[in-house]
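Subject: Structure handover

Hi,

Here is the structure I said I would pass on.

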Amino acid sequence: MITLALSKGRIFQETLPLLAAAGIEVLEDPEKSRKLILPTNRADVQVVLVRASDVPTYVEYGGADVGVCGKDTLIEHQAEWGTHGLYQPLDLQIARCRMSVAVRADFDYATAVRQGARLAVATKYTAIAREFFASKGVHVDLIKLYGSMELAPLTGLADAIVDLVSTGNTLKANHLVEVEHIMDISSRLVVNQAALKVKQASLRPIIDAFAKALTVSA
Ligand code: PRP
């Protein structure tokens with residue numbers, strides 16, 4: 001059995017065409033079903049639904065053989081736990097967005113940075129934020145949040161946030177502006193290294209089909 005770990009939402013939806021290219025069709029819609037293990041048209045392939053931040057953990061420890069997760073999730077996972085046995089063969093170019101710094105529209109970020117002010121930065125992505133501000137030589141106090149980061153500058157909890165931006169609509173709706181583009185984000189295929197050896201015969205064709213589908217769409 002090959003087990004593929006996916007998170008619900010954009011990553012699940014955008015992985016479906018790649019699975020189709022590998023001849024795999026998921027037989028239940030996670031938005032309608034409460035099931036966490038979804039069957040596919042292949043008796044030897046199943047999908048498990050996990051939180052995005054749990055995908056690397058499932059694949060690393062063999063709860064899943066393969067998974068799809070964002071570069072943001074991978075960087076944070078590696079910073080906290082290191083890498084053991086996670087093979088990352090492909091950038092799938094899906095669920096694309098960017099990691100940015102945003103502040104209230106009335107906060108003069110450039111001046112604060114120039115004057116060497118110490119910034120309070122709220123984020124779920126502490127490793128990425130720490131590395132980014134360290135590389136700029138900006139002193140920050142990081143405040144760890146688990147969601148709704150946009151609220152932090154509005155309530156006075158923080159001067160700035162580090163968060164994912166896709167359309168920019170969430171920032172705009174909350175009167176925040178992007179002041180730094182930290183990095184582009186997209187989702188990667190991650191594979192358990194031991195599974196790649198032991199289940200080579202069934203895993204390789206799937207990885208190859210994904211790679212081919214990417215080349216065609218590029
Ligand atoms: C992300 C991010 C922003 C939003 C940005 O949240 O944290 O809140 O998307 O998208 P936009 O620029 O298109 O408005 P997501 O919906 O992934 O959920 P999360 O808060 O659980 O991370």
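Below is what turned up, starting with the ligand.

Some ground rules: this is a predicted model, in which local features need pLDDT of at least 70 and side-chain atom pairs count only at pLDDT 80 or more, while totals for chains, interfaces and linings use all residues. Residues are numbered from 1 along each chain as its sequence is written, and side-chain values use heavy atoms, with hydrogens and water left out.

**Around the ligand**

The shell consists of Lys124, Glu150, Asp163, Leu164, Val165, Ser166, Thr167, Gly168, Asn169 and Thr170 (near means a heavy atom within 4 Å). By class that makes two nonpolar, five polar and three charged residues; Ala, Val, Leu, Ile, Met, Phe, Trp, Tyr, Cys and Pro count as nonpolar, Asp, Glu, Lys and Arg as charged, and the others, Gly among them, as polar. Strand E8 (160-165) gives the largest share, three residues, and both E8 and H7 supply at least two. Helices (H or I, at least four residues) and strands (E, at least two) are DSSP runs, numbered from the N terminus.

Oxygen atoms of the ligand have polar contacts (N or O pairs within 3.5 Å) to a side-chain atom of Lys124 at 3.2 Å, to a side-chain atom of Glu150 at 2.8 Å and to a backbone atom of Gly168 at 2.7 Å. Taken alone, the ligand exposes 500 Å², and the protein buries 58% of that (Shrake-Rupley, 1.4 Å probe).

Most residues other than glycine have a negative phi. Ala95, in strand E5 (residues 86-104), has a positive phi of about 50 degrees although it is not a glycine. His175 also has a positive phi, of about 55 degrees, and is not a glycine either; its place is the loop between helix H7 (169-173) and strand E9 (176-192).

Are these two buried or exposed? Ala95 counts as buried because its relative accessible area is 10%, whereas His175 is exposed, at 60%. The cut-offs are under 20% for buried and over 50% for exposed, with partly exposed in between (1.4 Å probe, protein chains only).

**Helix H9**

Asp208 is found in helix H9 and, at 43% relative accessibility, counts as partly exposed. Asp208 and Ala22 are 186 residues apart in sequence, yet 8.3 Å apart in space, C-alpha to C-alpha.

Cheers

How values were computed: Polar contact = N/O pair within 3.5 Å; in protein donor to acceptor, adjacent residues only side chain to side chain.
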